[in-house]
Amino acid sequence: QPIEDRPSKITEPRKDGKKYRVKRFNDQFHNEAVIAKLGFTGKTWADRLMFSLGYTHFYKEIQTGVYQETVFGEKFRHGYSLMPSVEYKKHNLLVRNLDLTLTANYNHNFTNNVDTASRHYNWLGEYYDNGVRGEQAYQRSQSKNTNWNATGNLNYRFGRIHTLTFHHVASNFRRTSRSYTGTSSVLTAFDIPKVTRKNISGLSYRVVPSEKWNASVFGKHYHQFNQGPVSTSSDGVGNYQNMEKTVSAWGYGAAGTYYIYKELQAKVSYEKAYRLPTTDELFGDEDLEMGELSIRPENSDNINLNLSYNKTFGKHTLYVEGGVVYRNTKDYIQRNITDLSGGKQAATYINYGKVETKGFNLSIRYNFANWVSVGGNFTQMDVRDKMKTSITSSAENLAYGERMPNLPYRFADSDISFYWRNLWKKGNVLTVTYDNQYLHSFTYYSSAIGSKNNDYVVPNQFSHNLTLSYSLQNGRYNVSLECRNFTNENLYDNFSLQKAGRAFYGKVRVYFGN
């Protein structure tokens, strides 16, 4: 590492108010994976039976916290996973037109978080000793995550136009953690396992009277069991107890599609839906994310209306699609940032009472004779706060009617690809693609707080990418080169975390099968 790139020691924080273009440090990442598959196809007892075993190892340096001004210089995590899986498919199981699909996978994962430095860094790589161990929170810990998932799908066609489908998804997650930084006899969050079990069952009926229209109705049952540590202290830290919670609910819906003309199709759907909280939302990641075990599932009423037009005339193909969305959500799961002791921050999750979404999207695609493809998408999603009073008191909610914070609401993308087929030799294809993404500015706190002065605003973003790929011998050998954000625009994530600039990628793929 060149001397000028090494971290340099300073005696106090730099506060000169200037803007700098800096080289990222403590930002390396690598991931290795090996996957092997073995199975049978086309047997009388199975159309497909496939076993898979995968192993991955990763190392990731952590440079940023949840805010841009938080910089880490020595913090990192590493770990590995072992992942066996199985897949089974059989058509005409026992009786004609009864089809069964089963999948199951298991993930045994170890993740180690290391944060022991007594330093405070800035974006220039400078640091000063602050005498407090841990840049975010002092830890040398290991989490063992065991996660298995299974799905079953039973599909039965009867008569000429009827189909009955049963689908079930089951998952089980368990995390045990161990800290190597202390020997306290007091019960901590590390000592209590974190467990969540989910079961979602669905039954649907579909009728297809003709090629012109079809319709379906369905019902779902959601069940989730959660168990983990909850603090009984007033400050939310310490005195942990094991807590269990079970939630269950019924969802339902209907959908239909109708061809107004041969090229023009209309779709409409309604669903009473539930979104069960994820493991990170429940338990966090033992580092920068703080989970909330008491969080409830989101529930919403969703209505979608869609029109699509598809027409081929000679060498030309045109596809246009547009849709509108309405969603009324209760117990909306919102990610926020909370302040910790020592001037540190972490992400937390809460249920926000009522949120309303109104939006639309538009897509268009044009192809010419397998030589050129050009298209784009535009989406507008207006997600509004509909709580008239504060969720913590009966006081008036000053953000009522404002857009929900930290959510992009207007974005678009477009692309154009050129194909040179049989270039230099039959079966070879050269593809050149240009694409871009646009994201309109949005506030990461409520727009009722400071947005008029451009405070807490993520600015407009417009990035451009180029990809060159060459496929030989009908896809047996493939080489691709990609430059993302080639104009080096300033790009940002949620809560205005700035992303790295221009990046280059290369990929080689060889197919050894027939």
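The structure before you is a predicted model, in which local features need pLDDT of at least 70 and side-chain atom pairs count only at pLDDT 80 or more, while totals for chains, interfaces and linings use all residues. Residues are numbered from 1 along each chain as its sequence is written, and side-chain values use heavy atoms, with hydrogens and water left out.

I begin with His-440. This residue lies in the loop between strand 19 (429–439) and strand 20 (442–443); strands here are DSSP runs of E, at least two residues, numbered from the N terminus. Is His-440 buried or exposed? His-440 is buried, because its relative accessible area is 17% and buried means under 20%, exposed over 50%, and partly exposed in between (1.4 Å probe, protein chains only). Its side chain makes polar contacts with the side chains of Asn-460, at 3.4 Å, and Tyr-409, at 3.5 Å. With neighbours within four places in sequence set aside, His-440 is in contact with Tyr-409, Arg-410 and Asn-460, contact meaning heavy atoms within 4.5 Å.

I turn now to the strands. Two strands pair if DSSP finds at least two bridges between them. Strand 14 (residues 298–313) and strand 15 (residues 316–339) are antiparallel partners over 15 bridges, with Thr-312 opposite Thr-317. These two strands form a hairpin with 2 residues between them, and Gly-314 in the turn has a positive phi of about 65°. Strand 15 also pairs with strand 16 (residues 345–368), again antiparallel, over 23 bridges; here Gln-334 faces Ile-350. Which residue takes a positive phi in the hairpin of strand 15 and strand 16? Gly-342 does, near 75°, in a hairpin with 5 residues between the strands.

Elsewhere, 3 strands form an open sheet of mixed pairing, in the order 1-7-6. Its edge strands, each pairing on one side only, are strand 1 (8–9) and strand 6 (119–121). Strand 6 runs antiparallel to strand 7 (residues 126–129), joined by 3 bridges, and Arg-119 stands opposite Asp-129.

Finally, Leu-154 is found in strand 8. At 32% relative accessibility, Leu-154 counts as partly exposed.

Key
Helix = DSSP H or I, 4+ residues; strand = E, 2+ residues; numbered from the N terminus. Polar contact = N/O pair within 3.5 Å; in protein donor to acceptor, adjacent residues only side chain to side chain.
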